[in-house]
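Here are my notes for your first look at this model. Please keep the structure open and follow the points in order.

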Amino acid sequence: MIDPPDGVWKRRKKRENVEQGKIEQFKEAVAQCNSIVFFGGAGVSTESGIPDFRSVDGLYHQKYDYPPETILSHTFYNEHPKEFFRFYYEKILLPGRAARPNKAHRKLAEWEQQGKLKAVITQNIDGLHQKA
């Protein structure tokens, strides 16, 4: 294996230092803040094993008899309740049963206990932030 030129290592180290600096700035801002509103989506819970819809392995890219957005509609529920509940059980409920709160959920819970977190705005229905 050939080592990359020194310039590559220097740029990588500089980038890491910049990123670490941004993380420290963020931590400092949060420490001084008393009113946080968190906007989050499926990415928060994928680390806990909850599948999302749009990623490469997400529900929208898997093969079904009907598109997932159709299956999860009220009309489909009324017209095909058996198929609706099979999908809902296998793809929504089962993955959520084994899911446990991850670092993000625990941090949100910590901020909430500190009185810093005022609201969580999300489409997630897994309840993991509340479990944390």
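1. Start with Glu-24 and Lys-27. They sit three residues apart in helix 1 (residues 6-32), so about one helical turn separates them. The two form a salt bridge, with the closest N and O atoms 3.9 Å apart. A salt bridge here is a side-chain nitrogen of Lys or Arg within 4 Å of a carboxyl oxygen of Asp or Glu. Helices (H or I, at least four residues) and strands (E, at least two) are DSSP runs, numbered from the N terminus. Glu-24 is partly exposed, at 39% relative accessibility. The cut-offs are these: buried means under 20% relative accessible area, exposed over 50%, and partly exposed in between (1.4 Å probe, protein chains only).

2. A word on the source. This is a predicted model, in which local features need pLDDT of at least 70 and side-chain atom pairs count only at pLDDT 80 or more, while totals for chains, interfaces and linings use all residues. Residues are numbered from 1 along each chain as its sequence is written, and side-chain values use heavy atoms, with hydrogens and water left out.

3. How many salt bridges does a search of the whole structure find? It finds four. One of them joins Lys-107 to Glu-110, with 3.3 Å between the closest N and O atoms. These two are three residues apart in helix 6, so about one helical turn lies between them. Lys-107 is partly exposed, at 35% relative accessibility. Glu-110 is also partly exposed, with a relative accessible area of 33%. Elsewhere, salt bridges that share partners link Glu-83, Arg-86 and Glu-90 into one network.

4. Arg-86 and Glu-83 meet through their side chains in a salt bridge of 2.6 Å, N to O. They are three residues apart in helix 5, and so about one helical turn apart. Arg-86 has a relative accessible area of 39%, which makes it partly exposed. Glu-90 is found in helix 5 too. Its relative accessibility is 35%, so Glu-90 counts as partly exposed. Now compare sequence and space: Glu-90 and Phe-26 are 64 residues apart in sequence and 39 Å apart in space, C-alpha to C-alpha.

5. Stay with helix 5 for Leu-93, which lies there. Leu-93 is partly exposed, with a relative accessible area of 39%. Leu-93 and Ile-50 are 43 residues apart in sequence, and their C-alpha atoms are 9.5 Å apart in space. Ser-48 and Lys-91 are 43 residues apart along the chain, with 15 Å between their C-alpha atoms. Is Ser-48 buried or exposed? Ser-48 is buried, at 13% relative accessible area. It lies in the loop between helix 2 and helix 3 (68-71).

6. Rolling a probe the size of a water molecule over the atoms shows where empty space is left. The largest pocket has a volume of about 620 Å³. Of the 22 residues that line it, Phe-53, Ile-92, Gln-123, Asn-124 and Ile-125 are the closest to its centre. Helix 5 (residues 81-98) gives the largest share of this lining, seven residues. By class, the lining has 12 nonpolar, five polar and five charged residues. (Ala, Val, Leu, Ile, Met, Phe, Trp, Tyr, Cys and Pro count as nonpolar, Asp, Glu, Lys and Arg as charged, and the others, Gly among them, as polar.) On a 1 Å grid over the protein atoms alone, a pocket is an open set of points where a 1.4 Å probe fits, with protein on both sides within 12 Å along at least five of seven lines; lining residues have an atom within 4 Å of a point. Grid points are joined across faces, edges and corners, and a volume is the space filled by probe spheres set on the points.

7. The second largest pocket has a volume of about 150 Å³. Its lining has 15 residues, and Val-120, Thr-122, Asn-124, His-129 and Gln-130 are the closest to its centre. Helix 7 gives the most to this lining, with three residues. The classes are six nonpolar, eight polar and one charged.
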